[in-house]
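Please read them with the structure open.

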Amino acid sequence: DPGVLGGVLEGHGDAIWGLAFNPAGDRLASCSADGTVRIWDPRREEGACLSTYNAQSEHGVPTSVTFSATQPGHAVAAFRTGAAVLYDVEAARPVLVLEARPGGGGSQVNQVVSHPSQPLTITASDDRGIRFLDNRTGDVGVCRVPPAGHDCSLRLWHLAHKTCVQELTAHRKKHEEAVHAVAFHPSRALSASAGADALAKVFV
């Protein structure tokens with residue numbers, strides 16, 4: 001419905017893989033197959049793109065992006081090469097490479113999220129690894145998901161012990177894919193998932 005459209009942010013030259021608002025809601029980060037990460041002021045009609053990071057030559061194509069919940073001035077972008085890079089949004093420069101494998105041998109990161117109360121970034125990769133990255137040091141901790149690929153399950157993890165404490169079968173497999181996205185409600189005990197079976201589910 002054109003009446004719902006509030007504005008269009010133009011600048012990327014290819015498909016957009018990830019979007020994330022900062023905690024205050026006044027900055028939007030995006031990452032694209034064009035090899036760039038952009039920071040936007042979504043309230044502006046002109047000059048909405050505040051900065052552009054062209055990281056493709058060093059880290060490859062970005063696949064996911066998030067803002068740090070504990071340091072709203074920082075954003076993290078993850079890449080096909082397995083790297084995750086912490087950026088200072090205001091200074092428009094990288095601060096720390098949180099994860100990188102020599103020779104580009106890392107597995108593609110499909111999703112990156114920020115812990116809501118600790119300086120941690122969490123990545124999920126093609127090699128079925130879930131990595132806990134310290135935003136202060138770049139240190140890495142790893143959880144390994146049982147080898148099933150898109151096995152239709154949602155898993156709840158205990159961060160301190162890095163163990164799975166609950167598993168739910170949530171979606172049906174379609175074209176060898178199942179769960180595509182998950183999210184927690186910011187203030188209520190609700191979570192949601194979306195899958196290749198064209199369903200979105202909310203869990204209490």
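**Notes on the predicted model**

1. The centres of domain 1 and domain 2 are 21 Å apart, taken over C-alpha atoms. Domain 1 covers 1-147 and domain 2 covers 149-203, according to the domain assignment. Keep in mind that this is a predicted model.

2. Secondary structure comes next. The protein chain has 17 strands and one helix. Its radius of gyration is 17 Å, close to the 17 Å that the globule rule gives for 204 residues, so the chain is as compact as a globular protein of that length. Along the principal axes, the C-alpha trace spans about 45 × 45 × 35 Å.

3. Residues 24 or more positions apart account for 32% of them.

4. Now the surface and the charges. The accessible surface of the protein chain is about 11500 Å², and carbon and sulfur atoms hold 52% of it. The charged side chains number 18 positive and 21 negative. The centres of these two sets lie 7 Å apart.

5. Valine 61 deserves a look. It sits in the loop between α1 (56-59) and β5 (62-67). Is valine 61 buried or exposed? Its relative accessible area is 12%, and buried means under 20%, so valine 61 counts as buried.

6. What does valine 61 touch, leaving out residues up to four places away in sequence? The partners are Trp17, Ser32, Ala33, Gln56, Ala78, Phe79 and Arg80. Take alanine 78 from that list. Valine 61 and alanine 78 are 17 residues apart in sequence, and their C-alpha atoms are 8.6 Å apart in space.

7. Check the backbone at alanine 92. Phi is near 55 degrees there, a positive value in a residue other than glycine. Alanine 92 lies in the loop between β7 (84-88) and β8 (93-99). Its relative accessibility is 39%, so alanine 92 counts as partly exposed, the class between 20% and 50%.

8. Alanine 198 also needs a backbone check. Its phi is positive, about 70 degrees, although the residue is not a glycine. The loop between β16 (191-195) and β17 (200-203) holds alanine 198. Relative accessibility is 71% here, and exposed means over 50%, so alanine 198 counts as exposed.

Methods: Residues are numbered from 1 along each chain as its sequence is written. This is a predicted model: local features need pLDDT of at least 70, side-chain atom pairs count only at pLDDT 80 or more; totals for chains, interfaces and linings use all residues. Side-chain values use heavy atoms; hydrogens and water are left out. Helices (H or I, at least four residues) and strands (E, at least two) are DSSP runs, numbered from the N terminus. Buried means under 20% relative accessible area, exposed over 50%, partly exposed in between (1.4 Å probe, protein chains only). Contact means heavy atoms within 4.5 Å. Domain bounds come from an automatic or database domain assignment. The radius of gyration is taken over C-alpha atoms; the globule rule is 2.2 Å times the number of residues to the power 0.38. Accessible areas come from the Shrake-Rupley method with a 1.4 Å probe; for residues, only the protein chains shown count as cover. Lys and Arg count as positive and Asp and Glu as negative; His and the chain ends are not counted. The place of a charge is taken as NZ of Lys, CZ of Arg, CG of Asp or CD of Glu.
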